[in-house]
Amino acid sequence: MAAAVSALSALGLPEADVGSEEEEEEEEAAEPGPSAAAEQRREERLRRFRELHMKRHEACKLNSHEVLEEDKRLKLPPNWEAKKARLEWELQVQEKKKECAARGEDYERVKLLEISAEDAERWERKKKKKNPDLGFSDYAAAQLRQYQRLTRQIKPDLEEYQRLKEQQGEALYPTSDSLLHGTHVPSKAGVDRMVADLEKQIEKREKYSRRRPYNDDADIDYINERNAKFNQKAERFYGKYTAEIKQNLERGTAV
């Protein structure tokens, strides 16, 4: 530094000017200029752009994968999930049977041991709630049973109901003074639906053959299968007349 000052003095330049120029150069070197700040902002924008580009590329890959999976699902049968679950369950049952056979155990006994008492009671209540068919008693009961089954299958058309309500008004709800005979004309879709339902009933009636469920809690008053059938028929037609006599015989108080 001293050598530089002496050299400048020899050239005739003042020392103060030399020091100020050096200080200005040091300040410019210490503080970044506008070009450096702009470069930093540019690098930041490029970094964010690269991140957004990577996220966009990842989103495109995920969307393509989901589209392919959805296309596969649409090409499968409607009940594929239920069939798959059923097949998996059957495989698990086969594996458990092999394990029980290898250990020398009875699979049915092992399966029952895994069922809790709460589940067994719930299944038994659900089984009893299914309105079991106890056989033919009379035509009125059979007709009522069929009527209840058919009414449960009816799906009301609310749009058609609203249209008729707007069209007929209070006349839609008949009273004792109303005369609606011959005024209602069913639609073609309704007639086709009725015909299809009747054909389905006829087909089901032709194939009807079902074994009646066995009631474990029923009294055993027969000596063989033929006698059991005869007792069922006798109970069906004369049970309400002989109920008191049967109770007296069971109590031992019959005269």
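Student: At what angle do helix α7 and helix α9 pack?

Tutor: This is a predicted model, in which local features need pLDDT of at least 70, side-chain atom pairs count only at pLDDT 80 or more, and totals for chains, interfaces and linings use all residues. Residues are numbered from 1 along each chain as its sequence is written, and side-chain values use heavy atoms, leaving out hydrogens and water. Helix α7 covers residues 139-153 and helix α9 covers residues 188-206, and their axes (lines fitted to C-alpha atoms over the stretch in contact) are 13 Å apart. With angles run from 0 to 180 degrees between N-to-C directions, the two pack at about 135°.

Student: Which word describes how α7 lies to α9?

Tutor: Angles under 35 degrees count as roughly parallel, over 145 as roughly antiparallel, 65 to 115 as roughly perpendicular, and the rest as oblique. The angle here is about 135°, so α7 is oblique to α9.

Student: How many helices does the protein chain have?

Tutor: Helices are DSSP runs of H or I with at least four residues, and strands are runs of E with at least two, numbered from the N terminus. The chain has 0 strands, and its helices come to 10.

Student: Is Glu 235 buried, partly exposed or exposed?

Tutor: Glu 235 lies in helix α10, residues 225-251. Buried means under 20% relative accessible area, exposed over 50%, and partly exposed in between (1.4 Å probe, protein chains only). Because its relative accessible area is 46%, Glu 235 is partly exposed.
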